[in-house]
Amino acid sequence: MGPARSLCVIGCGPRGASIVERILANVPALYGECLLDLHIVDPYPPGAGRTWRTDQPGLLWMNSAAEHVTMYPDESVDCAGPPRPGPTTAGWLDAPLHDGAYAARRDQGRYLRHFFETVTRQRPASVRLFVHRARVIDLVRTAPDEALPDAPPAGRQQVILDSGEPPFLADRVVFAQGHTETLAAPTPPGLLRIGPGPADPDALDRIPPGAPVVVRGLGLVFIDCLALLTEGRGGRFVRTPDGALRYLPSGREPRLYAGSRRGVPLPPKPARPLSSALPAPPAGLRFATVDACRARLSRSGASFARDAWPLVLAELGWCHYRALFAGQPARTRMTWQDFDAQYALLITDADRLAKLAREAVPDPADRFDLDRLAAPLAGLRCADTDDLQRQLRGHLAEVLHRRTGPARGVETALVDALQRVGAVIEELWRAGDLDPAQVTEALGHFAIGTYLSSGPPPLRAEQLLALAEAGVVTFVGPDMRVEITAGTEGAPGPAVFRATGPAVFRATGPALPGTVHEARVLLDARLAPPDPDRTADPLLHALTSRGELVPERGADGTPSGLLQLSGAGLHPVDAYGTEHQDRIIAGPAQFPRPGTNAVYFRQNDAIARSLLGGD
């Protein structure tokens with residue numbers, strides 16, 4: 001496509017800022033002294049973006065250890081562009097870390113803004129930088145300029161903003177908006193619905209003290225909302241003489257009735273293991289490598305579930321048992337050498353692998369069982385509400401002990417393996433090795449990876465347990481169902497769970513048949529499932545309505561959350577099958593770890609060079 005004269009990066013949170021850094025790093029080799037206009041468009045401060053705003057409450061924390069987060073591609077990154085070494089969040093930050101390892105989200109925003117300011121201040125003299133604090137509401141193609149010999153045949157793109165600024169022209173555009181907002185479903189009068197989406201302090205302030213609230217979702221958004229509705233309202237956590245954590249309420253907290261599909265919160269990140277409790281991490285993956293997965297997926301008729309997922313399971317199980325044998329040898333009855341040799345021969349035979357595990361590990365609780373981890377409350381039935389709360393609190397305490405107690409090395413090894421395997425799936429996806437059906441399969445199967453490895457800091461899980469013991473949080477259980485219905489004044493059942501009036505949110509769950517929890521407030525404490533028909537992004541709405549972007553849909557017709565792309569080039573494919581090579585869709589991604597040859601940096605470098613026309 002030749003060199004570009006003008007580039008536009010839409011969205012400048014971490015993903016967009018990293019692409020900007022890679023563009024500037026590659027300009028000297030690809031452009032020399034040629035002039036380039038670089039436009040950045042985001043209504044929020046560049047670098048931090050919406051999620052990492054520096055004006056949000058300090059009670060909102062990261063869920064990644066600050067020493068494991070970097071925006072600087074170091075020498076380990078295998079890419080065509082040059083490295084740019086720099087500090088991790090922990091290495092740069094001058095603020096205290098929470099729970100010994102985690103930065104406040106606003107402090108991470110400070111790091112991100114510093115990163116953006118540093119790399120743009122050091123940009124080549126040939127690059128003119130334009131930062132637009134606005135939203136892009138449309139991209140309109142212009143007619144080809146026949147007077148210019150290198151003019152693109154499809155014309156350039158007119159970038160239209162909501163700020164009233166005059167439109168500008170761009171040769172190539174990258175979409176880096178991150179997780180897009182979804183319009184909330186309409187709610188009947190008299191009811192308050194908050195979310196779905198990230199924790200919103202202003203919206204949460206609308207919940208009256210003492211009000212019953214139905215909460216849907218027990219993930220990271222729930223943890224954030226919990227902090228704002230308890231400590232944020234004057235409550236305090238204290239240690240008792242025996243070391244237990246207790247919550248002292250302020251009296252301004254609402255009463256939360258919370259549930260989800262699994263019915264349990266995300267397991268917390270493991271506390272740092274004792275160095276003597278674990279062998280050195282493996283240098284690389286043993287079974288689920290990119291090459292091994294790619295070879296299986298290249299077979300005719302291959303599916304991710306049948307051909308690649310067994311390698312993932314083998315990898316996760318091997319890492320689990322490696323840590324168990326090293327850290328708790330008394331709980332095994334076979335040498336690691338013998339187990340390892342047999343395991344490697346049986347990775348494609350699930351039944352024989354299970355038999356080997358039974359022979360080597362006497363206690364079923366010590367064996368790797370992903371199904372048990374994925375659905376810890378499957379089939380739960382309770383006698384009454386008190387029984388359900390006891391069971392849920394017991395589960396929380398057990399998980400917290402596993403991830404913070406002396407034997408936490410096994411949990412640490414599993415989380416590390418999940419993150420490594422997740423990077424392989426990401427690389428296969430972004431490299432075009434997965435067709436749309438395989439992408440859907442891969443994301444569906446690896447949802448367990450997000451559940452097991454993306455939890456909050458351990459202290460947040462301990463605080464949740466204290467809030468449950470204090471009665472601030474009541475669990476509804478797994479497979480919670482929420483519906484809008486008429487109130488049940490005078491109906492039988494515990495009055496504390498019921499509301500009167502023309503309409504209420506009603507939550508029920510099969511763990512406790514016949515019990516309902518009613519409230520006039522629903523807190524959708526989760527990120528909205530993708531729905532192109534309800535997107536709040538005016539640009540995505542405009543392009544989708546014209547067929548220039550086409551959502552992928554599953555076999556049942558529901559949106560998968562992905563757009564139809566060309567493969568490794570990440571170019572959108574429109575409703576007529578045309579690939580738009582002057583547009584790139586860069587989806588959201590997790591922060592990269594330093595020294596790991598992170599796929600995040602490799603992909604961003606490839607995107608930057610494609611935008612510059614260098615590859």
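Buried means under 20% relative accessible area, exposed over 50% and partly exposed in between, with a 1.4 Å probe and protein chains only as cover. The model is predicted, so local features need pLDDT of at least 70 and side-chain atom pairs count only at pLDDT 80 or more, while totals for chains, interfaces and linings use all residues. Residues are numbered from 1 along each chain as its sequence is written, and side-chain values use heavy atoms, with hydrogens and water left out.

View 1. Helices (H or I, at least four residues) and strands (E, at least two) are DSSP runs, numbered from the N terminus. The C-alpha trace spans about 80 × 65 × 50 Å along its principal axes. Of the 615 residues, 52% are buried. A contact means heavy atoms within 4.5 Å; among contacts between residues at least 6 apart in sequence, 73% join residues at least 24 apart.

**View 2. R172 in strand β9.** The strand covers residues 172-175. R172 has a relative accessible area of 4% and is therefore buried.

**View 3. The cysteines C293 and C319.** A disulfide is a covalent bond between the sulfur atoms of two cysteines. Here a disulfide is counted as a pair of cysteine sulfur atoms within 2.5 Å, and by this rule the chain has zero disulfides. The closest cysteine sulfur to that of C293 belongs to C319 and is 13 Å away, too far for a bond. C319 is likewise in no disulfide, since its nearest cysteine sulfur is that of C293. With a relative accessible area of 2%, C293 is buried. C319 counts as buried too, at 9% relative accessibility.

**View 4. H395 in helix α11.** The helix runs over residues 385-404. H395 counts as buried because its relative accessibility is 14%. Leaving aside residues up to four places away in sequence, H395 touches V264 and P376.

**View 5. The cis peptide bond from G195 to P196.** Omega of this bond is near 0°. P196 is found in the loop that joins β10 (192-194) and α4 (201-204).

**View 6. L570, a residue with positive phi.** Phi is about 60° here, although L570 is not a glycine. L570 lies in the loop between β21 (559-563) and β22 (583-585). The relative accessible area of L570 is 6%, so the residue is buried.

**View 7. N597, in the loop between β22 and α17.** Helix α17 takes in residues 599-612. Phi of N597 is near 50°, a positive value in a residue other than glycine. N597 has a relative accessible area of 24% and so is partly exposed.
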